[in-house]
Amino acid sequence: MSDLVEEFCPANILVVDDTLANLQLLVGLLTEHGYKVRPAKDGFQALSATQTAPIDLILLDINMPQMDGYEVCNKLKSDPKTRDIPVIFISALNDVLDKVKAFGVGGVDYVTKPFQVEEVLARVETHLALQRLQNNLQSKNEELAQTNQDLANTLNRLQVTQQELIQSEKMAALGQLMAGIAHEVNTPLGAIQSSVNNISNYLQEIFEDLPRILDLLSSQEIQLILTMALYSINTKMIVSAKDSRKLKRALTRELEAIGVSNADTIADTLSDMKIYEDIDPFLPILTHPDRERLVEFAYNLSGLQRGNNTIAIAAERATKVVFALKSYTHHDPKDELFKANLIQGIDSVLTLYKTSLKQGVEVVQNYAELPLIYCYPDELNQVWTNLIHNAIQAMDNKGALAIDVTQEAGFAKISITDTGKGIAEEIKYRIFEPFFTTKPPGEGSGLGLDIVRKIVEKHQGKIEFDSVPGNTTFTVSLSMNLQPDTDS
């Protein structure tokens with residue numbers, strides 16, 4: 001994920017001014033500081049430039065012949081292609097009404113001539129940074145929309161699969177999984193929704209406070225606020241709740257010692273930003289009469305990046321569940337062999353059982369490398385589902401589950417071991433019998449292991465087990481030499 005300290009491609013800035021001296025000065029200044037600059041001497045050239053090349057920011061003079069800056073801005077904001085480009089007005093007009101009109105037609109800032117070089121550079125970089133954050137948020141929202149659509153499509157396929165398997169043992173296993181799947185999906189989606197709402201609030205507060213802060217502060221003070229936000233974004237400090245309270249109290253005392261009247265409120269916001277010490281560089285902000293609002297502004301800026309980080313992590317988690325569901329619900333109506341990754345299928349089933357496993361089951365995975373082999377992946381998913389589900393039930397959701405994958409003499413061998421109560425000696429010879437079950441009525445049809453054995457035999461393999469109290473292992477051996485034209 002991108003953040004504020006990464007290197008960006010040089011921004012494209014359009015400078016519009018009918019006074020040649022001003023135009024040359026701004027073009028030279030911005031070019032010297034690494035920006036790509038396009039000059040325009042009037043509104044017509046400006047509008048044409050925005051249609052022929054991507055523009056990241058516009059510096060726009062107000063007093064120009066034929067078409068003034070207000071009219072140019074109106075035309076820009078009425079065009080979907082250019083309405084999102086931030087416009088900073090530059091004018092000798094200093095009346096409050098002129099500034100109000102500039103903001104009213106869509107400008108994001110206003111610089112009065114004669115301008116200070118540092119002020120222009122600070123405002124340009126501030127609005128470019130905000131624009132990058134806004135573009136990043138839009139990109140993440142688009143990714144989220146696609147992820148949600150993929151998830152919806154996958155869940156639809158899962159529902160269809162459930163209908164098809166309603167009379168089968170796989171349907172029973174899916175019924176056991178549904179609550180866990182919903183939890184695994186809803187948790188990241190909830191985090192994403194919360195972050196989107198937070199980011200929207202941050203942006204609203206930032207845009208409300210921005211004109212006041214830019215008018216109130218010097219360029220050095222604005223840079224301090226950005227530095228404070230960057231410090232919060234980049235800190236890797238992990239603090240427990242107990243230690244956080246201690247650090248906050250110490251920070252409050254330090255602020256009180258330098259005469260900050262609302263020290264507790266300021267310390268609370270700084271703690272949320274993970275700023276507990278080394279506050280000397282930020283003293284001009286912390287001792288400013290409007291410090292509470294300024295610190296809150298820095299918090300909102302850093303909050304944009306925190307929200308983006310949360311969205312990225314949650315989207316990745318949701319994507320894993322989506323992938324597992326896609327793998328699990330894959331169905332080949334033609335019942336044909338095709339190449340697949342056995343380990344990927346096992347991991348997909350483990351992902352769907354994640355909620356059950358994390359209640360108290362330790363999973364140990366020992367996987368040797370396996371090539372892709374010809375098989376019936378959808379049916380093998382039913383094998384892994386049945387064996388893993390039985391193992392979890394045998395342990396009452398508490399114990400250790402070991403999965404070993406090896407290859408030997410042309411066979412892929414998958415062993416699933418649990419630390420459950422084991423299989424009683426007197427029923428071992430019956431466990432593969434159709435309709436035989438040790439589960440209470442309504443919890444099992446007795447077809448599960450019979451179906452598993454038939455699927456394994458269809459792969460020219462075999463299934464064996466060894467069981468004593470505290471250690472039960474089912475070993476599935478699958479031929480690695482099946483071919484699409486093999487008569488199974």
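**Aromatic pairs and a buried arginine**

Good morning. Phe89 has a relative accessible area of 0% and is therefore buried (under 20%, with exposed meaning over 50% and partly exposed in between, using a 1.4 Å probe and protein chains only). The model is predicted, so local features need pLDDT of at least 70 and side-chain atom pairs pLDDT 80 or more, while totals for chains, interfaces and linings use all residues. Residues are numbered from 1 along each chain as its sequence is written, and side-chain values use heavy atoms, without hydrogens and water.

Let us turn to the rings. The structure holds five aromatic pairs (Phe, Tyr or Trp rings, the last by its six-membered ring, with centres within 6.5 Å; planes under 30 degrees apart are stacked, over 60 edge-to-face, the rest tilted). One of them joins Tyr70 and Phe89 in a tilted arrangement, 5.9 Å centre to centre with 55° between the planes. Tyr70 lies in helix α3 and Phe89 in strand β4, 19 residues apart (DSSP runs numbered from the N terminus: helices are H or I, at least four residues, and strands E, at least two). Tyr70 is also buried, at 7%.

Tyr231 and Phe282 form an edge-to-face pair, at 6.3 Å and 75°. Here Phe282 is buried at 5%, whereas Tyr231 is partly exposed at 32%.

What does the side chain of Arg291 make with the side chain of Ser261? It is a polar contact of 2.9 Å (N or O atoms within 3.5 Å, one able to donate a hydrogen and the other to accept it; residues adjacent in sequence count only through side-chain atoms on both sides). The side chain of Arg291 makes another such contact with that of Asn262, also 2.9 Å. Thank you.
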